[in-house]
Amino acid sequence: MTYEIATLRGDGIGPEIVDEAVKVLRAVAEVVPGVDLEFTLLEGGADYYAAHGELAPATTWKTMESAHAILFGSMGHPDIRMPDGTEAQGHFIVNARKKFGLYAGVRPIKFYPGAKGLDPSQKQVDLVLVRESTEGLFASFGGGAEITGEVYADTMIITRKGTERVARYAFELARTRNGRPRDGARHVTCVDKANIFRSLAFFREVYDGVAAGYPDISSDHALVDSFAMLLMQHPERYDVLVTENMFGDILSDLAAALVGGLGLAPSGDIGDDHAMFQPAHGSAPDIAGQDRANPVATILSARMMLDWLARRHDDDALRAAADLLERSVVATMESGALTVDLGGTLPCSRFGDAVAATVRELGAETGR
Ligand code: NAD
Ligand code: MN
């Protein structure tokens, strides 16, 4: 079967990192029998908005909807804004999550060889943060309230349906994992602020209802403020985290610091019928156009895409492809090939070449 991948490069480092992910995916498709990927390049983003007065042409939205999966780079420039003062990019990304029902923002955090994180032993971090991605503080996005230019409000919205589905996603995910580093226990932690906000007390209550249906997985709660510290001091206590949209946005960037930075933080925005895979980071305008971004987060997001497609279509060839991609990134980094953010010397494109070469090598070995 041929899978159509809606491919949106976006702004800043987006084009550079997506090109490397596509390069690596093409290498995977070359060496794994039965993997057939077709990339449809789409336009859209902040630069596009500046030039055309809209974020993306209608064909971009149509193809994102009809394709088997969406591969996305990053979007945005601090100077390209909407008339309401907010950045243009959010009007694309936040709306895409709502439009396609991409409620689970899945953000794995783990070590890759050669990366220097906050834990010198590199054995204590292997977690996934699941960010609710359609409501919470982002619910009023594009709306909110303004009074005489002096008072502004954005409202936190928590619904039973939205909370149930993301909590269920987190517990199902925990079932597929090996548990937390501390003791191997499969464990889900609800990160909230249930001590103060009614909406988040409700989030916790609904979460507990879902947790009761998973007696095989242990569960607890944490208040987001102290949790931010505990995550830094004791990452080994965590396996799967589930949290409100804004908290998840902040905590996932923080968690990336544990393992060496945003260049290593992949993500999938996953719904029941659609999914969009992009790095957890933004368009990094400070290094854009210099061929020095780290494409690992995007390449690993592409791996998550293969894995999601494999499960959805029960496709063993894609399963093998996802596995080969993971092993190739690990082997490449183990060999000392690293980008500058990790203390290496390789430009973005050369690192992509190195991973693609490893894919061909390991792929040939597997085939023999
Ligand atoms: P950012 O994630 O773009 O960058 C933060 C820092 O991390 C920068 O110093 C950057 O150089 C570095 N960094 C990020 N990705 C890297 C990579 N792959 N390799 C090496 N270094 C990397 O966040 P920001 O600076 O706060 O935002 C910049 C722009 O990105 C803004 O316009 C913002 O709105 C947008 N943004 C977009 C998305 C998205 O596309 N989903 C997400 C967040 C921010
Ligand atoms: Mn973010």
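The chat below turns to salt bridges and then to cysteines.

Q: Before we start, what kind of model is this?
A: This is a predicted model, and that should be kept in mind throughout.

Q: OK, how many salt bridges does a search of the whole structure find?
A: A search over the whole structure gives 21 salt bridges.

Q: Let's take R360, then. Which residue does R360 form a salt bridge with?
A: The partner of R360 is E30, and the closest N and O atoms of this salt bridge are 2.8 Å apart.

Q: What about D225, which side chain does it meet in a salt bridge?
A: D225 meets the side chain of K193, at 2.9 Å from N to O. This pair, too, links distant parts of the chain: D225 sits in helix 7 (residues 224-233), whereas K193 sits in the loop between strand 8 (187-192) and helix 6 (198-211), and the two are 32 residues apart.

Q: Is K193 buried or exposed?
A: K193 is buried, because its relative accessible area is 17% and buried means under 20%. D225, at 47% relative accessibility, counts as partly exposed.

Q: Switching to helix 11, how far apart are D353 and R350 there?
A: D353 and R350 are three residues apart in helix 11, which is about one turn of the helix. They form a salt bridge whose closest N and O atoms are 2.9 Å apart. Both are partly exposed, D353 with a relative accessible area of 29% and R350 with 44%.

Q: Which residues do salt bridges that share partners join into one network with those two?
A: E20 and K23 are joined with R350 and D353 into one network by salt bridges that share partners.

Q: New topic: how many disulfides does the structure hold?
A: The structure holds zero disulfides. For reference, a disulfide is a covalent bond between the sulfur atoms of two cysteines.

Q: So is C190 buried or exposed?
A: C190 counts as buried, with a relative accessibility of 0%. C348 is also buried, and its relative accessible area is 1%.

Conventions:
Residues are numbered from 1 along each chain as its sequence is written. Chains are lettered from A and ligands numbered from 1 in the order in which they are written. This is a predicted model: local features need pLDDT of at least 70, side-chain atom pairs count only at pLDDT 80 or more; totals for chains, interfaces and linings use all residues. Side-chain values use heavy atoms; hydrogens and water are left out. A salt bridge is a side-chain nitrogen of Lys or Arg within 4 Å of a carboxyl oxygen of Asp or Glu. Helices (H or I, at least four residues) and strands (E, at least two) are DSSP runs, numbered from the N terminus. Buried means under 20% relative accessible area, exposed over 50%, partly exposed in between (1.4 Å probe, protein chains only). A disulfide is a pair of cysteine sulfur atoms within 2.5 Å.
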